[in-house]
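Hi,

Here is the structure I promised to pass on. Have a look at it first, and then read my notes on what turned up.

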2 protein chains.
Amino acid sequence: MTVTIIGIGLIGGSMALALKEKGFANKVIGVDANPDHCTKAMELGLVDEIRGLEEAVLAADLIVLAIPIDRAETLLPAILNMVNRQVVMDVGSTKKIICESAATSANRGRFVATHPMWGTEYSGPEAAVKGAFEDKATVICSREDSNADAVALVEKVYGLLGMHLMYMNADDHDVRVAYVSHISHITSFALANTVLEKEKEEDTIFELASGGFESTVRLAKSNPAMWVPIFMQNRENVLDVLNEHIAQLRKFKACLEKENYEYLEELIEKANGIKRILK
Amino acid sequence: MTVTIIGIGLIGGSMALALKEKGFANKVIGVDANPDHCTKAMELGLVDEIRGLEEAVLAADLIVLAIPIDRAETLLPAILNMVNRQVVMDVGSTKKIICESAATSANRGRFVATHPMWGTEYSGPEAAVKGAFEDKATVICSREDSNADAVALVEKVYGLLGMHLMYMNADDHDVRVAYVSHISHITSFALANTVLEKEKEEDTIFELASGGFESTVRLAKSNPAMWVPIFMQNRENVLDVLNEHIAQLRKFKACLEKENYEYLEELIEKANGIKRILK
């Protein structure tokens, strides 16, 4: 099968590696607006060849759209205009707007809206890794709007990647990822800025940074070209969660201000409840 | 050398393992107010024997105080009253109050105030691990208040553990850890509570949780018996940092409310500056 990957970065590149390794793709064609990414993706063996968009779409059996979601939203209708038998899947972090962008296309059925729940704070072809996606969840949204054969092919792809499938509508997806992904990134960006603000005065702070700091702040390395569009497209849900998060932080602040350590202990015990969910 | 560990949990237990492995301690005596911890520490081979406090202090060459900082503050003067030739070191997360609690003791010189910058979100003897501390920083505070031989012994211990030494006064230490450790914990506790608040309505949220969420929220599993006293003792510094962190989060909130995506991009680019510090 020939697979075209549009956007040969962290996700697209990792998917290319996995689909070749599993024998699913005997040819991977790469498309990327950034010439450096094209060169690098060839050097790293992520793709077999680089082609222009239309040629790459027409030559493929499966097209994976793995570019930032604002550009995916614009490009998807054009791609759907080119396809007939091909299957097009996206891998973006929001689902409502991409589904809307496909809704009026005559070829809507060829598109499957998906979101594999895997990523790192790095980006570009060099960030692609082998064995990504394994044992993680992936979401397929609005399955009923896609043709059965298209859904079946995408399910096969995610099965080969070792992911477990979840089905939901785009609205529910976007609320949930605001909680389990988008807010973590905002927290991490804000935490980095909190410390960097102080660094001007205290330049040895960082020698002290240990594992705890590193794990809460590592997402702050994430790429703005990916994340600004996510926060734009999921603005209302992210604002809801951010307001709740600031309210929760204010409870900790009030405990300290009022020296109410009993309530502080209660808040921490409540937070420990996360053990029920994370091993 | 005989080493007495008071508090055989994550830090005390891991230190016991390391000091035996390196051949520094030919006997480790454990003291713990929790009988289950004593039993478990013997079962796990963390300590060679369990004794009462006074007996264990008198039998030791080096005493490591590894209990929550509120109890360490109370116990340290009593321990210093028992010692003569022995060296006493603590490993607590704040340094100002423990130094104050030792200040008036006739044996102040036998005490070395330290803080190894390593930990996990787990606690108790079962949380002890081999190879802890390696390649991390450790702080020695107010070295000038300790006898030279006591400092030299503690430096030897941390050298064996593979830690690199930093020296600072207790006030500076407490400001810095508010930034690189304490705020990360509050953020993580508050993030857990944000999501747990929502879970009542959305019980499938967690199936989606991926690596990013897990890393920002893992510290929320941390033990309140350890953390409430830290926030109490470092209240003013933590409040300063928490106020700054809430202010930083409000900038993200304002960007989303006003749909000011240029400034949002700036904030994220600024946060990316954390790459200069964390690899």
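**How the chains meet**

In this predicted model, 77 residues of chain B are in contact with 77 residues of chain A. On the chain B side, the elements that give two or more residues are α7 (170–199), α8 (211–217), α9 (224–233), α10 (235–257) and α11. The largest share of that side comes from α7(B), with 21 residues. Sorted by class, the side of chain B that touches chain A has 44 nonpolar, 16 polar and 17 charged residues.

As for symmetry, chain B can be superposed on chain A by a rotation of 180 degrees, with 0.0 Å of shift along the axis and an RMSD of 0.0 Å. The two copies are thus related as by a two-fold rotation axis. If you want a landmark for that axis in chain B, go to T216(B): its C-alpha is the nearest one, 2.1 Å from the axis. Also, 100% of the interface residues of chain B are interface residues in chain A too, so the copies meet through the same surface.

Which residues make the contact? From α9(A) they are P224(A), W227(A), V228(A), F231(A) and M232(A), and from α11(B) they are Y261(B), L264(B), E265(B), I268(B) and E269(B). By class, this contact of α9(A) with α11(B) comes to 8 nonpolar, no polar and 2 charged residues.

**Inside chain A**

Now for a single chain. Chain A is divided into domain 1 (2–169) and domain 2 (173–276). Taken over C-alpha atoms, the centres of these two domains of chain A are separated by 30 Å. How many residues are in contact between domain 1 and domain 2 of chain A? There are 14 in domain 1 of chain A, in contact with 16 in domain 2 of chain A. On the domain 1 side, α4 (69–82), α5 (96–103) and β7 (137–141) of chain A are the elements that give two or more residues. That side of domain 1 has 6 nonpolar, 4 polar and 4 charged residues.

**α4 and α5 of chain A**

The contact is made by I69(A), A72(A), E73(A), L76(A), P77(A) and L80(A) of α4(A), together with I97(A), I98(A), S101(A) and A102(A) of α5(A). In class terms, the contact of α4(A) with α5(A) has 8 nonpolar, 1 polar and 1 charged residues.

That's what I have for now.

Cheers

Notes
Residues are numbered from 1 along each chain as its sequence is written. Chains are lettered from A and ligands numbered from 1 in the order in which they are written. This is a predicted model: local features need pLDDT of at least 70, side-chain atom pairs count only at pLDDT 80 or more; totals for chains, interfaces and linings use all residues. Two residues are in contact if their C-beta atoms, placed from the backbone, lie within 7 Å. Helices (H or I, at least four residues) and strands (E, at least two) are DSSP runs, numbered from the N terminus. Ala, Val, Leu, Ile, Met, Phe, Trp, Tyr, Cys and Pro count as nonpolar, Asp, Glu, Lys and Arg as charged, and the others, Gly among them, as polar. Domain bounds come from an automatic or database domain assignment. Copies are superposed by least squares on the C-alpha atoms of residues with pLDDT of at least 70 in both.
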